[in-house]
Amino acid sequence: MFEITYDIVVLALGITAVLAALGVILCASPIYCALYLIGNMICFALLFLLFHAEFIAAVQIIVYAGAVMILFLFIIALLGGKKEIVEPSVERSAAFSFIFLLFGELLLAAGVGSTKPIEGQLTPDVLSAMGSAKAVGIELFSRHLISFELASTLLLVATIGIICLAKFSYTPARRRSQ
Amino acid sequence: MTLGNEFVLIISATIFCIGAVGFLIRKNPLIMLMSVELMLNSVNFLLIGYSSFLKSLDGQIFALVIMTVAAAEVVVGLAIILTIFRTRHDLNVDHINVLKG
């Protein structure tokens with residue numbers, strides 16, 4: 001009985017995530033797109049919880065659904081969320097056919113793929129006995145230290161880039177002469 | 001668990017392709033950035049799902065790194081959009097065809 005319930009919850013969350021993703025690209029107004037994206041990220045966070053990745057689920061809620069989406073909403077409020085009129089064109093249908101081809105190829109590659117998985121020892125029981133955050137921390141600071149340092153360097157570079165963009169912006173020559 | 005890794009693959013591929021379609025058909029750069037977020041999120045979901053199936057934590061570490069990349073990318077992208085809007089007062093990506101301000 002528990003197995004069926006777990007599966008139904010996972011399936012419902014997956015379908016909700018797909019519907020929210022469709023809402024992101026189909027809504028005309030950017031503010032509704034941002035709200036659908038928040039819904040999509042919360043669905044993913046709940047799926048992470050069901051896949052025994054509690055720490056990543058918390059980070060997903062705090063970083064994505066919190067910080068990044070607040071930034072998006074702030075920029076939308078600053079620039080004014082105008083509705084966008086979409087008209088069918090050749091580029092649009094070409095994009096659709098290209099992406100559907102890509103989708104089919106992805107599914108085919110997933111079905112055909114003969115890669116051999118390497119299984120680890122961290123079963124859900126071991127993880128819950130140790131704690132998700134502790135396990136991720138031990139892994140991050142022992143075997144993946146270089147990627148951690150690279151990520152921090154990336155954040156530093158992004159900060160410097162933001163300061164440059166904000167500080168050295170200029171008014172265009174046309175508008176200055178008016 | 002009867003829902004196996006095929007479920008994770010299908011959901012992830014679907015959302016990745018939805019994000020790619022959104023990136024190609026929308027004209028508002030904010031919504032294009034949101035589509036990129038969708039694609040990154042679907043990859044995160046795949047990594048977490050396989051980290052659970054394979055009983056290894058490597059996928060979760062990769063997902064953390066991808067989250068860092070996504071945060072940096074969003075911040076820089078939004079700053080560029082804001083700079084373009086300050087100089088051109090227009091947000092349609094089809095009208096932005098020169099790099100000169």
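Does A:His52 count as buried or exposed, and how many C-beta neighbours lie inside 10 Å? A:His52 counts as buried, because 20 C-beta neighbours sit inside 10 Å. The rule goes like this: 20 or more other C-beta atoms within 10 Å of a residue's own means buried, 12 or fewer means exposed, and anything in between is partly exposed, with C-beta atoms placed from the backbone.

A quick word on the model. It is predicted, so local features need pLDDT of at least 70 and side-chain atom pairs count only at pLDDT 80 or more, while totals for chains, interfaces and linings use all residues. Residues are numbered from 1 along each chain as its sequence is written, and chains are lettered from A and ligands numbered from 1 in the order in which they are written.

Back to A:His52. It lies in the loop between helix H2 (30–50) and helix H3 (54–79) of chain A. Helices here are DSSP runs of H or I with at least four residues, strands are E runs of at least two, and both are numbered from the N terminus. A:His52 is not a glycine, yet its phi is positive, about 60°. Most residues other than glycine have a negative phi.

B:Lys55 is in the loop between helix H2 (29–53) and helix H3 (58–88) of chain B. Its phi is positive, near 55°, and B:Lys55 is not a glycine either. Is B:Lys55 buried or partly exposed? B:Lys55 is partly exposed, because 16 other C-beta atoms lie within 10 Å.

Now chain A as a whole. It has eight helices and zero strands. Of its 178 residues, 22% are buried. Take contacts between residues at least 6 apart in sequence: 54% of them join residues at least 24 apart. Contact means that two C-beta atoms, placed from the backbone, lie within 7 Å.

Next, H2(A) against H3(A). Their axes come within 8 Å and cross at roughly 175°. That makes H2(A) roughly antiparallel to H3(A). Axes are lines fitted to C-alpha atoms, for helices over the stretch in contact, and angles run from 0 to 180 degrees between N-to-C directions. Under 35 degrees counts as roughly parallel, over 145 as roughly antiparallel, 65 to 115 as roughly perpendicular, and the rest as oblique. On H2(A), the contact residues include A:Ile31, A:Leu37 and A:Phe48. On H3(A), they include A:Ile56, A:Tyr64 and A:Phe72. By class, this contact has 20 nonpolar, one polar and one charged. Nonpolar covers Ala, Val, Leu, Ile, Met, Phe, Trp, Tyr, Cys and Pro; charged covers Asp, Glu, Lys and Arg; the others, Gly among them, are polar.

Stay on H3(A). It has 26 residues and reaches 36 Å from its first C-alpha to its last, close to the 38 Å expected at 1.5 Å a residue. That expected span is 1.5 Å times one less than the number of residues. Where does H3(A) bend? The bend, about 30°, is at A:Met69. Buried residues of H3(A) include A:Val59, A:Gln60 and A:Val68. The buried residues pack against H2 of chain A, together with H2 and H3 of chain B. After H3(A) comes A:Gly80, with a positive phi near 85°.

Now the two chains together. The contact takes 67 residues from chain A and 60 from chain B. On the chain B side, H3(B) gives the largest share, 22 residues. That side has 39 nonpolar, 16 polar and five charged residues.

Two helix pairs cross between the chains. First pair: the axes of H3(A) and H3(B) come within 11 Å and cross at roughly 5°. So H3(A) is roughly parallel to H3(B). This contact has 16 nonpolar, one polar and no charged residues.

Last stop, H3(B). It has 31 residues and reaches 44 Å, close to the 45 Å expected. Its buried residues include B:Gly59, B:Met67 and B:Leu78. Their cover includes H3, helix H6 (132–142) and helix H7 (145–167) of chain A, together with H2 of chain B. Just after H3(B), B:His89 takes a positive phi of about 55°.

Key
Bend = angle between axes of the 7 residues up to and from the residue.
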